[in-house]
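Here are my notes for you to read alongside the picture. Have the model open and click on each residue as it comes up.

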Amino acid sequence: AGLLLTDPASRVDLIRSIAAYVPPLAGVVDEIVAGLARASPSLSILGLVLAAWGTSRLFASLESAVARLDEGAPRRSLARRTAWRLGSIAVISGGFVAALVVAPALAIAVEIVGDGSGLRAVLDLLLALLPPLVGAVALAAVYLLVPSVRPSWRALLVPAATGAIVLVIATRVFVFVAPRIFGANLVYGTLGAILVGLTWLQLVFTIVLIGAAWVRERSTATEAPVA
């Protein structure tokens with residue numbers, strides 16, 4: 001988007017759309033999009049390659065952590081693990097991008113419908129439910145695609161839905177608390193934004209791992225023979 005959107009107003013709209021789902025990363029996204037818009041195409045492409053590599057490393061860390069929940073599970077080969085990792089990132093990213101398209105579309109529909117309409121109430125409800133729904137789909141994809149042994153849908157649906165709700169609530173609380181805790185650090189500009197973003201990612205990572213452990217426990221309970 002930083003490569004394609006040269007209009008500052010369009011970039012601001014994009015950042016607002018992303019911030020609706022991940023408010024703690026708004027400052028980081030702002031710097032990234034603006035930097036890509038200012039940089040030359042060759043540097044921007046190099047930056048995207050490095051970003052893809054960084055994302056794969058983050059996903060590899062998540063994969064390693066989830067694998068430790070079941071030491072007896074078979075391990076994928078390096079080639080299969082790399083292909084699976086890239087495919088998982090593409091699936092989860094695709095869902096997130098789709099949400100970024102749907103959210104502005106719903107917001108525009110709300111403005112068109114106007115107040116005093118039954119359809120307006122339905123659209124407002126959909127707009128409110130979209131973040132936890134996107135979170136639940138993303139968590140379900142993680143719990144389904146990351147482990148080498150796939151859990152059943154019955155085992156992962158409740159942890160994914162609960163984790164999504166917890167993520168939404170935790171993010172809202174973080175958005176309220178973070179400026180009061182990290183306010184002094186924000187004077188450092190990008191460094192402060194990155195500090196806040198990394199702290200929030202750590203919180204998200206912890207919630208995702210707790211949900212993965214819950215999925216594993218539910219899978220074990222389902223597989224255990226009845227006495």
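1. A helix here is a DSSP run of H or I with at least four residues, a strand is a run of E with at least two, and both are numbered from the N terminus.

2. Before going further, some ground rules. This is a predicted model, where local features need pLDDT of at least 70 and side-chain atom pairs count only at pLDDT 80 or more, while totals for chains, interfaces and linings use all residues. Residues are numbered from 1 along each chain as its sequence is written, and side-chain values use heavy atoms, with hydrogens and water left out.

3. How confident is the predictor? The mean pLDDT of the protein chain (pLDDT is the predictor's confidence in each residue, from 0 to 100) is 75, and 73% of the residues reach 70 or more. Confidence is highest in H6, at a mean of 85, and lowest in helix H2 (residues 26-38), at 68. Keep that in mind when you get to point 8.

4. Now the overall layout. The protein chain has 7 helices and 0 strands, so read "helix" as a DSSP run throughout. Of the contacts with a separation of 6 or more, 70% join residues 24 or more positions apart; a contact means heavy atoms within 4.5 Å.

5. What about inside and outside? Of the 227 residues, 34% are buried. Buried means under 20% relative accessible area, exposed over 50%, and partly exposed in between (1.4 Å probe, protein chains only). The chain exposes about 13,500 Å², and carbon and sulfur atoms supply 72% of that. These areas come from the Shrake-Rupley method with a 1.4 Å probe; for residues, only the protein chains shown count as cover.

6. Back to proline 159: it counts as buried because its relative accessible area is 1%. Proline 159 touches Tyr143, Gly211, Trp214, Val215 and Arg218, leaving out residues up to four places away in sequence. Serine 219, in helix H7 (residues 190-223), is also buried, at 7%. Beyond its sequence neighbours up to four places away, serine 219 touches Pro151 and Ala155.

7. Next, look at the largest nonpolar core, which has 30 residues. Such a core is a set of buried Ala, Val, Leu, Ile, Met, Phe, Trp, Tyr and Cys residues joined through side-chain atoms within 4.5 Å. Helices H1 (8-19), H3 (41-67), H5 (118-145), H6 (153-181) and H7 each supply at least two of its residues. Val208 is among those with the most contacts inside the core. Skipping neighbours within four places, valine 208 is in contact with Leu62, Leu139, Val142 and Tyr143.

8. Valine 29 is buried, at 14% relative accessible area, whereas alanine 26 is partly exposed, at 24%. Valine 29 and isoleucine 194 are 165 residues apart in sequence, but 9.6 Å apart C-alpha to C-alpha.

9. Finally, find valine 177 in helix H6. Valine 177 is partly exposed, because its relative accessible area is 32%.
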